[in-house]
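Take a look at the protein chain below.

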Amino acid sequence: MSGQTIFITGASSGFGAACARVFARPGNRLILTARRIDPLIRLLEELSSICAVHIVPLDVSDRQAVQGAVDALPEQFREIDVLLNNAGLALGLEPAHQVDLDDWETMVDTNIKGVMYCTRLILPGMVARNRGHIVNISSTASAWPYPGGNVYGGTKAFVTQFSRNLRCDLLGTRVRVTCIQPGMAETEFSTVRFKGDEEKAAKVYAGTEALTAADIAETVQWVVNRPPHVNINTLELMSIDQAWGPFAIHREQQ
Ligand code: NDP
Ligand code: 8X3
């Protein structure tokens, strides 16, 4: 088969939708998944004149559902060349002693277990064909802590280390693994983090030129399009308007 088959999680908005657009090229086959079906239908309508598109409503934290979605792939979409583990979210920015434990659990279920399920179910086919590429979306939060980043950063640290460990397991195969660590990017991410509070979300990006979803999609496209013997292991990118701060120091009042 010519072209590539690309399985994208979290394709209904942000990075995932932008990646669907950059990979929509004649000859490619896109599998677009997310919980919300309406944005997937709109993408199907937008992109299906360019290439084959298969949409699947899917909650990646539901192991049986991921198994069902992979098992039910139509024949022409079964040989996946690229798995983009992108679905994920942050919920809240409270300090650890005040967070809603359900939020922590949802982040673990989505950002960790979702990546585990999709990888475990799709990887065997790649190994059997001796070709494929897993691209995992981690975050600068995986390496750089910040107040309120608690479990979100922890889940992304998992994604980064899981990616490296996959490389170890796959040595000797032609299956590549890349971990992408974006900094602040303007998508629905902050609206989700602040549970629909658009005003609070807008303040995160106010006065900055944040990364865009298209920037991330171009980066994903670049790592996938390297020659087959080149594996980009980890790639961190930030807006020009973001950098690290000094260590925080608590001082008693003098
Ligand atoms: P968006 O909120 O715009 O997109 C998140 C996507 O994940 C949506 O398509 C959403 O779809 C999907 N998703 C969430 N939960 C689930 C689930 N349980 N099952 C399936 N899909 C799910 O944010 P971004 O595009 O910014 O985020 C994409 C990834 O990038 C995330 O992993 C995020 O952590 C990471 N990231 C984001 C950064 C940023 O600043 N924006 C920076 C670094 C990393 P639906 O709701 O329809 O299920
Ligand atoms: C998203 C970037 O800084 O909000 O992963 O954690 S940040």
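## The model

The structure is a predicted model. Every value below is computed from it.

## Salt bridges across the chain

How many salt bridges are there? The count comes to 6.

Start with E46 and R21. They form a salt bridge, and their closest N and O atoms lie 2.7 Å apart. This pair links distant parts of the chain: E46 sits in helix α2 (residues 37–47), R21 sits in helix α1 (residues 14–23), and 25 residues separate them. Is E46 buried, exposed or partly exposed? Its relative accessible area is 38%, so E46 is partly exposed. R21 has 39% relative accessibility, so R21 is partly exposed too.

Next come R36 and E188. They also form a salt bridge, with 3.3 Å between the closest N and O atoms. Again the pair links distant parts of the chain, here 152 residues apart. R36 is in the loop between β2 (29–34) and α2. E188 is in the loop between β7 (185–186) and α6 (189–193). R36 has a relative accessible area of 41%, so it counts as partly exposed. E188 has 34% relative accessibility, and it counts as partly exposed as well.

## A charged network

Which residue forms a salt bridge with R131? The partner is D81, and the closest N and O atoms are 2.8 Å apart. R131 lies in the loop between α4 and β5 (132–137), and D81 lies in the loop between α3 (63–71) and β4 (82–85). The pair therefore ties together parts that are 50 residues apart in sequence. E79 joins in as well: salt bridges that share partners make one network of E79, D81 and R131.

Are D81 and R131 buried or partly exposed? R131 is partly exposed, because its relative accessibility is 36%. D81 is buried, because its relative accessibility is 8%. The cut-off for buried is under 20%.

## A negative patch on the surface

E94, D100, D102 and E105 form a patch of negative charge on the surface. Residues in such a patch have no salt bridge.

Where does E105 lie? It is part of helix α4 (residues 101–129). Its relative accessible area is 48%, so E105 counts as partly exposed. The cut-off for exposed is over 50%.

## A buried asparagine

Helix α4 also holds N111. Is N111 buried or exposed? It is buried, with a relative accessible area of 0%.

What does the side chain of N111 reach? It reaches the backbone oxygen of L89, at 2.9 Å. The side chain of N111 also makes a polar contact of 3.1 Å with the side chain of T155.

Most residues other than glycine have a negative phi. Two residues here go the other way.

N130 is not a glycine, yet it has a positive phi of about 55°. N130 lies in the loop between α4 and β5. It counts as partly exposed, because its relative accessibility is 37%.

K195 is not a glycine either, and its phi is also positive, at about 55°. Find K195 in the loop between α6 and α7 (198–205). K195 has a relative accessible area of 52%, so it is exposed.

## Apart in sequence, and in space

Two further pairs compare sequence with space. I216 belongs to helix α8 (residues 213–224). It is buried, because its relative accessibility is 0%. I216 and I137 are 79 residues apart in sequence. In space, their C-alpha atoms are 9.5 Å apart.

Now turn to I50. I50 is in the loop between α2 and β3 (52–57). Its relative accessibility is 36%, so I50 counts as partly exposed. How many residues apart in sequence are I50 and R25? They are 25 residues apart, while C-alpha to C-alpha they are 6.1 Å apart in space.

Technical notes
Residues numbered from 1 in each chain as written. Chains lettered and ligands numbered in written order. Predicted model: local features only at pLDDT ≥ 70, side-chain atom pairs only at ≥ 80, totals over all residues. Heavy atoms only, no water. Patch = residues over 30% accessible without salt bridge, like charges linked within 9 Å, V, L, I, M, F, W, Y side chains within 5 Å. Areas by Shrake-Rupley, 256 points an atom, 1.4 Å probe, with all protein chains shown as cover. Salt bridge = Lys/Arg side-chain N within 4 Å of Asp/Glu carboxyl O. Lys, Arg positive; Asp, Glu negative; His and termini not counted. Charge placed at Lys NZ, Arg CZ, Asp CG, Glu CD. Helix = DSSP H or I, 4+ residues; strand = E, 2+ residues; numbered from the N terminus. Buried < 20%, exposed > 50% of the residue type's maximum accessible area, 1.4 Å probe, protein only. Polar contact = N/O pair within 3.5 Å; in protein donor to acceptor, adjacent residues only side chain to side chain.
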